[in-house]
Each structure stands twice: as structure tokens, then as C-alpha cells.
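Colleague: Hi! Could you walk me through this one? I'm new to reading structures.
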Amino acid sequence: MRLFGWLTRRGGPPADRRLREWRRAWAEAVAAPDAERIRRLRADLDAFGLAPDDVEIEREMLDALHDAAALATAVRESGLPVVQTGHRVVGLECCHYTAPASMPDEPGQPGGRLLLTSGRAIFVGGANRMATAWHAVGDARHVDRDVVLIRTDREQLYRFRCNSFSDALRGALIARELVAARRRTRPGL
């Protein structure tokens, strides 16, 4: 029965009300991560006294929040990271992010790689390849382990499932920066 509980817990919201409220506080902290909020979230989680297996995902979420806070600080201080990649789809563009991902909304849920460059979001995987320019992206968000790019026309969105919360938070943060940079360089926006 314990195994079945683990399976159902992974697919939906936590059964424990305290964990649901903790996740809500975590989601609020994602908007403006800082060391104090992370410390409070960690202390709250520890205070629940739950078994390590019961808070494994929440621990991963805390680590991701810490990574996102560090990245946000680095971006403010020195700009977007530059990732060296020899991937030919990047061409001459500067790559700022790369991570394994899948597209769960596509048939066959292709797995591959998500690359965020100075000019485009690119997904390369299996027979699928997707690229969209930043001027066509109106918003970038994260939902759990997903990076979601919403087109400016609101007619389509692209969802990329990352392997970790950290990859998703970092990818969404970089995508938001790239969308904002594109808006600043376009007159009239």
C-alpha cells in the first residue's frame, strides 16, 4: 500500500495540508527568491517532522529555489550566462541555456534538448525540431518542472518538461530575461 501511495502522491497535490500550503509559499518565493525566504521555507519544512521520502520533492524544490536565486543575482550583476555549445542549430547565436527536456504535449512526447539563445528558443529531439524567435514569445513561465513559452498571439504555447525543478526555474528565468530584452530593443513596445 505504501508504494501505491507514493505513486498517487507524485501525480497530484500533496495530501498533507501543510505541504500544500508550503508549496503555495514556495510558489510565491519563486517570484522573488532571496536567502531569507529560502531559509524560512527550509525551517518550515524541517518543522513538519516528516520522513525524508515524504518531502523528497519539496527538498528538490528548495534546491531549485536556491539555484534560481543565485542565477537571478548573477544575471543582475553580470548579465545572462553564456553556455558553450557546439550544437549546429545554434549557429552564430549566443546560447544562454541548454538542458535535457521533452515536449509532453506532442505525440510520442519527444525527448531532446531545449536551447535558449539570444534570438530563439529551440527544441531538438528525435524527429521533432521547434524554434521560435523571442519577438513571437509574449510570456515565459514555469509550472512545476515545465518551462512554458506563450506566444504573443496567445494562440499557441510550447511546454518543455525538464528533468528537474532547477532546470525549469533557471530556464524560465532566462527565457523571461530574453523576452524582456527583445521588448526593450523593439521601438514602440
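Modeller: Happy to! One term to start with: a nonpolar core is a set of buried Ala, Val, Leu, Ile, Met, Phe, Trp, Tyr and Cys residues joined through side-chain atoms within 4.5 Å. Keep in mind that this is a predicted model.

Colleague: Okay, how many residues has the largest nonpolar core?
Modeller: It has 26 residues, and Y97, L114, L116, W134, L149 and F160 have the most contacts inside it.

Colleague: And which element gives the most to this core?
Modeller: That's α5, with six residues. Other elements that each supply at least two include α4, β1 and β2.

Colleague: What is L149 in contact with, leaving aside its neighbours within four places in sequence?
Modeller: Among its partners are W134, V137, Y158, F160 and A175. There is also another core, apart from the largest one, with 19 residues, including W22 and M61.

Colleague: New topic: at what angle do α2 and α3 cross?
Modeller: Roughly 170 degrees, with their axes coming within 11 Å. An angle over 145 counts as roughly antiparallel, so that is how α2 runs relative to α3.

Colleague: Which residues make the contact?
Modeller: On α2 they are L19, W22, A25, W26, E28 and A29, and on α3 they are R37, L41, D44 and L45. Seven of these are nonpolar, none polar and three charged.

Colleague: Is W26 buried or exposed?
Modeller: Buried, because its relative accessibility is 3%, and the cut-off is under 20%. W26 also pairs with F165: their ring centres are 5.9 Å apart and the planes sit at 80 degrees, so the pair is edge-to-face.

Colleague: How many residues apart are W26 and F165?
Modeller: They are 139 residues apart, with W26 in α2 and F165 in α5, so the pair links distant parts of the chain.

Note on methods:
Residues are numbered from 1 along each chain as its sequence is written. This is a predicted model: local features need pLDDT of at least 70, side-chain atom pairs count only at pLDDT 80 or more; totals for chains, interfaces and linings use all residues. Side-chain values use heavy atoms; hydrogens and water are left out. Axes are lines fitted to C-alpha atoms, for helices over the stretch in contact, and angles run from 0 to 180 degrees between N-to-C directions. Helices (H or I, at least four residues) and strands (E, at least two) are DSSP runs, numbered from the N terminus. Angles under 35 degrees count as roughly parallel, over 145 as roughly antiparallel, 65 to 115 as roughly perpendicular and the rest as oblique. Contact means heavy atoms within 4.5 Å. Ala, Val, Leu, Ile, Met, Phe, Trp, Tyr, Cys and Pro count as nonpolar, Asp, Glu, Lys and Arg as charged, and the others, Gly among them, as polar. Rings of Phe, Tyr and Trp (its six-membered ring) pair if their centres lie within 6.5 Å; planes under 30 degrees apart count as stacked, over 60 as edge-to-face and the rest as tilted. Buried means under 20% relative accessible area, exposed over 50%, partly exposed in between (1.4 Å probe, protein chains only).
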